[in-house]
Amino acid sequence: MAKQKFNIIQSTCIPVNIDNCNTDLIIPARYLASTTRDPKFFGDAFMHDLRFDADGKPVADFVMNQPDYSEAPHVGVHEIIVGGQNWGSGSSREHAAWAIAGYGVRVVISSSFADIHRNNLLNCFVLPVVVSKEFQQELFQSISENPRMEVKVDVPNQTVTNMATGRSEKFEINGYKKYCLMNALDDIDFLIENKAKIESWEAGRK
């Protein structure tokens with residue numbers, strides 16, 4: 001998936017107000033057999049069985065097909081999803097994180113995440129942001145009142161701000177993952193960046 005440096009992300013949002021939105025909803029199991037890592041393939045599969053009916057026609061009343069939210073993030077809007085509580089429950093499939101990243105989403109905000117899915121998101125350069133239930137519901141309300149409202153996620157300061165109300169909350173992130181996101185590094189990149197330090201330490205052990 002695309003490696004992009006994280007600093008401040010300010011974007012309109014897609015409200016997916018579904019509690020316990022599990023990985024099978026995020027990407028149906030039939031896509032797991034694919035051997036491709038093409039981001040578009042998985043992005044097209046994101047929430048597929050809620051977005052489309054059995055004939056492949058868009059489900060008109062599903063939020064991602066509504067005019068205010070149907071434009072994909074890769075064209076520069078809706079880089080943030082506000083999800084229901086316990087986002088990403090169910091199986092540990094990495095494909096769910098691949099689908100979210102492939103669709104163009106860079107941040108998922110929820111009051112709680114399934115632990116494995118949360119780590120998978122981070123590994124795919126998607127930031128999971130945990131907020132209070134009250135703040136989560138405020139975001140849903142603000143988006144409902146104005147779908148063009150924006151949320152600002154400040155990674156260096158670890159704050160998320162509802163730009164419609166001005167209210168902010170702090171969020172937690174592992175220091176190592178924060179460094180990697182801000183520098184567009186995956187785990188291998190980080191090891192390569194620190195190759196000299198590792199070699200120096202190994203030499204000192206001999």
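This briefing covers the overall fold, the nonpolar core and a nonpolar surface patch. The model is predicted: local features need pLDDT of at least 70, side-chain atom pairs count only at pLDDT 80 or more, and totals for chains, interfaces and linings use all residues. Residues are numbered from 1 along each chain as its sequence is written, and side-chain values use heavy atoms, with hydrogens and water left out.

**Overall fold**
- The chain has nine helices and eight strands (DSSP runs numbered from the N terminus: helices are H or I with at least four residues, strands E with at least two).
- Its C-alpha trace spans about 65 × 45 × 30 Å along the principal axes.
- Of the 206 residues, 48% are buried (under 20% relative accessible area; exposed is over 50%, partly exposed in between; 1.4 Å probe, protein chains only).

**Nonpolar core**
- The largest nonpolar core holds 53 residues (buried Ala, Val, Leu, Ile, Met, Phe, Trp, Tyr and Cys joined through side-chain atoms within 4.5 Å).
- Helix α4 (residues 95–103) gives the largest share of this core, seven residues.
- I109, L127 and V153 have the most contacts inside the core (contact means heavy atoms within 4.5 Å).
- Not counting residues up to four places away in sequence, I109 touches residues including I80, V129 and V160.

**Surface patch**
- I188, L191, I192 and I198 make a nonpolar surface patch of about 380 Å² (areas by the Shrake-Rupley method with a 1.4 Å probe; for residues, only the protein chains shown count as cover).
- Patch residues have over 30% relative accessible area and no salt bridge, with nonpolar side chains (Val, Leu, Ile, Met, Phe, Trp, Tyr) joined within 5 Å and like charges within 9 Å.
- A salt bridge is a side-chain nitrogen of Lys or Arg within 4 Å of a carboxyl oxygen of Asp or Glu.
- Helix α8 (residues 187–193) supplies the largest share of the patch, three residues.
- I192 lies in helix α8 and is exposed, at 58% relative accessible area.
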